Protein chains: 2
Amino acid sequence: MGIPLPNTPAALIDVGRMRHNIARMQAHLDALGVRFRPHVKTTKCQHVVDAQIAAGAQGITVSTLKEAEQFFAGGVRDIVYAVGMIPARLGQALALRRQGCDLKIVADSLQTAHAIAEFGREHGERFEVWIEVDVDGHRSGIVPDDDLLIDVGRALVDGGMTLGGVLAHAGSSYDYDTRDALVAIAEQERSRTVRAAERLRAAGLPCPIVSIGSTPTALSAEHLDGVTEVRAGVYVLFDLVMHNVGVCALSDIALSVLTTVIGHQEEKGWAIVDAGWMAMSRDRGTQRQARDFGYGQVCTEDGEVLGEYVMSAANQEHGIVSRAGMADTAIAKRFPIGTRLRILPNHACATGAQHPEYHALGSDGTVQTWPRFYGW
Amino acid sequence: MGIPLPNTPAALIDVGRMRHNIARMQAHLDALGVRFRPHVKTTKCQHVVDAQIAAGAQGITVSTLKEAEQFFAGGVRDIVYAVGMIPARLGQALALRRQGCDLKIVADSLQTAHAIAEFGREHGERFEVWIEVDVDGHRSGIVPDDDLLIDVGRALVDGGMTLGGVLAHAGSSYDYDTRDALVAIAEQERSRTVRAAERLRAAGLPCPIVSIGSTPTALSAEHLDGVTEVRAGVYVLFDLVMHNVGVCALSDIALSVLTTVIGHQEEKGWAIVDAGWMAMSRDRGTQRQARDFGYGQVCTEDGEVLGEYVMSAANQEHGIVSRAGMADTAIAKRFPIGTRLRILPNHACATGAQHPEYHALGSDGTVQTWPRFYGW
């Protein structure tokens, strides 16, 4: 039938799949008895966030204060800024709170805790701060058994701030691809974060919130005792990296890039398409996984997966589509100039970020434009 | 002294370096007796393009029709759209020409040549078409000795269109890193494109324009006999990939990302910064080169290269800065929270595309905002 969009490349969201993904995560976390706070960095799109909240999400997670400002303006009040605070951004955080945003900020060092407390006292603002916990050596945070955890908590409380809780993200969960390993890393994320909370409480400090999450661990957790909320982002669209991790089927991937064939190199078995890395992003997240999809999995315009065909290379505005294994020297007949294809991306967060808007494809074949923002 | 910008991450252009790069390329091509048509996909920024034209560039090259529309609105009339035309975009190209834009389009197949001629006749428009020539098996185009070249030329002329010339891009030049190899690939690009032009002329077809170029070949060409114009893009800012290729010094790289240290993992020797792949792009173009810079080379806020320090890993809004070789366990003292650093990028085209604007840093320390656009 064809998708009613005049221009390619274009980022498509299959709305039915997206709603299915949202419902799946919400039902899973409802069953485990925890609140869900989606990470909106994946889409930066009000339409998507509205659908997440309508399905039961309570509050959002952001990776920049610009996201906080945009979604607060869009009606979301309960926001965690999950990147370590720095003194230079405290004014921006204060302005949000003064406008009525229930913004929570994060610290994992004494220097930052003291800076927040000092700035807060100076401006008469009782910031709510969560302490970042390192559960897997992946990035930031304080390991649960480090006494620095207690020192930071005490610095915040003694400094007159609200110690809201602890927050962790098992980013290393992306490195696994078996059910057993995912269950184990999910349990590690849970148990270590709960351990941090218990240590704070044992020291006489408050720790009402215990917040963890990544898409693989959120979907693999078998119980979440001691956890109060889960965060996850990419689950809403999914992608080839998550498919390789094993937490979604190809048919769950709700994001694709619509592209048009613009030429061929028949002897090489190449079709040249008008989606290059500018449309797909440079993300090659499947490169080190069990199955390398190049720059993406090729599908028909209607979304049928063409199993052997991938985007094997990309320049800025050119992609090369080819068959894995033996060259398809009949590719010009298979995909003549003007043929439209859909490419499933390696990483939905990175691919979406290349596009000013999503084109939301409804089950009735209609398309709506859903703007997304970028920048800082 | 510090850069007067409140927010990080931010894309900085060192205007002095940019002007030096522009002058260098223009002088080199002036000396070789050819016109220069910069590829504006690198920056998508009117301020930069204005500087290129003021220095002597004649016309521009674009990779999307949106670029053509934006720069035509900004006063540029002579534009080559250097990506293979498809029938679905002919209406957009026609609209530009009807508004007075001297837009040239590109074909490398009979199917496209016929489609252009048919559409042109139907709308009474004599499109100027350049034939894309494949000089290195890199991507698109017709190899010079293929009779398809003549067939496409004849289809255009017989179809009532203007055959403007031939166009080639030796994209494989990025794979080399010695002077001899670069001189050789530059000569291959020149000679094969000239050969295509001569074959067209020998067949009684016109071929006034012979257009070639990539940054490495443009800067390495020792003569350009038979060539009428050169195209190049990334030379205007340069980057670490071009440094590894050997066509610029680190001190020529005019683009950097200003970032702030937000935390540490001292035992690992990590400083965590607020520029992740969203600010740097996912481009890992130096990964397969002689020197792998990770996600970028770390410099002080003032631009001094800190040779051993690179951004070794990146998440969406977090970068990890570390010392190559032995971990710097004193990194928290070296780069305390709040420290600002500048990161030189692997690929200026990809990094710039992540930012809504450049911050143009003048030699007097002042900063101007130079917007750039994105999307299709």
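A residue counts as buried when its relative accessible area is under 20%, as exposed when that area is over 50%, and as partly exposed in between, with a 1.4 Å probe and protein chains only; by that rule V62(B), at 0% relative accessibility, is buried. This is a predicted model, in which local features need pLDDT of at least 70 and side-chain atom pairs count only at pLDDT 80 or more, while totals for chains, interfaces and linings use all residues. Residues are numbered from 1 along each chain as its sequence is written, chains are lettered from A and ligands numbered from 1 in the order in which they are written, and side-chain values use heavy atoms, with hydrogens and water left out.

**Relation of the two chains**

**The interface**

- With contact defined as heavy atoms within 4.5 Å, the interface takes 53 residues from chain B and 53 residues from chain A.
- Because 100% of the interface residues of chain B are also interface residues in chain A, the copies meet through the same surface.
- The two chains bury about 4800 Å² between them, 53% of it on carbon and sulfur atoms, where buried area is the accessible area (1.4 Å probe) that two parts lose on being put together, summed over both.
- Within chain B, the residues that lose the most area to chain A are R139(B), Y374(B) and W376(B), which together account for 18% of what that side buries.
- Six salt bridges are found across the interface of chain B and chain A, each being a side-chain nitrogen of Lys or Arg within 4 Å of a carboxyl oxygen of Asp or Glu.
- R282(A) forms a salt bridge with D283(B), and the closest N and O atoms of this pair are 2.6 Å apart.
- Between chain B and chain A, 22 residue pairs are in polar contact, both residues being at pLDDT 80 or more; such a contact is a pair of N or O atoms within 3.5 Å, of which, within protein, one must be able to donate a hydrogen and the other to accept it, and residues adjacent in sequence count only if both atoms are side-chain atoms.
- The elements of chain B that each supply at least two residues to the side touching chain A are β4 (78-84), α5 (110-122), β10 (255-265), β11 (270-273), α10 (277-280) and α12 (348-352), where helices (H or I, at least four residues) and strands (E, at least two) are DSSP runs numbered from the N terminus.
- β10(B) gives the most to that side of chain B, with four residues.
- The residues on the side of chain B that touches chain A divide into 20 nonpolar, 22 polar and eleven charged, with Ala, Val, Leu, Ile, Met, Phe, Trp, Tyr, Cys and Pro counted as nonpolar, Asp, Glu, Lys and Arg as charged, and the others, Gly among them, as polar.

**Backbone features**

- The peptide bond from T8(A) to P9(A) is cis, with omega near -5°, and P9(A) lies in the segment before β1 (10-14) of chain A.
- In chain B a cis peptide bond joins T8(B) and P9(B), with omega about -5°.
- K44(A), in the loop between β2 (35-36) and α2 (46-54) of chain A, has a positive phi near 45° although it is not a glycine, and K44(A) is buried, with a relative accessible area of 2%.
- F238(B), in the loop between β9 (229-230) and α9 (240-245) of chain B, likewise is a non-glycine residue with a positive phi, near 60°, and F238(B) is buried at a relative accessible area of 1%.

- In helix α6 (residues 148-158) of chain A, the residues L149(A), I150(A), V152(A), G153(A), A155(A) and L156(A) are buried, and their cover includes α5 (110-123), β6 (128-133), β7 (162-168) and α7 (179-202) of chain A.
- Just after α6(A), G160(A) takes a positive phi of about 90°.
- T43(B), in the loop between β2 (35-36) and α2 (46-54) of chain B, is buried with a relative accessible area of 1% and, leaving aside neighbours within four places in sequence, is in contact with V48(B), V236(B), L237(B), Y358(B) and R372(B).
- V62(B), in strand β3 (residues 60-62) of chain B, touches H39(B), V40(B), E67(B), A68(B), I79(B), V80(B), Y81(B) and A82(B), not counting residues up to four places away in sequence.
- V62(B) and V83(B) are 21 residues apart in sequence and 8.1 Å apart in space, C-alpha to C-alpha.
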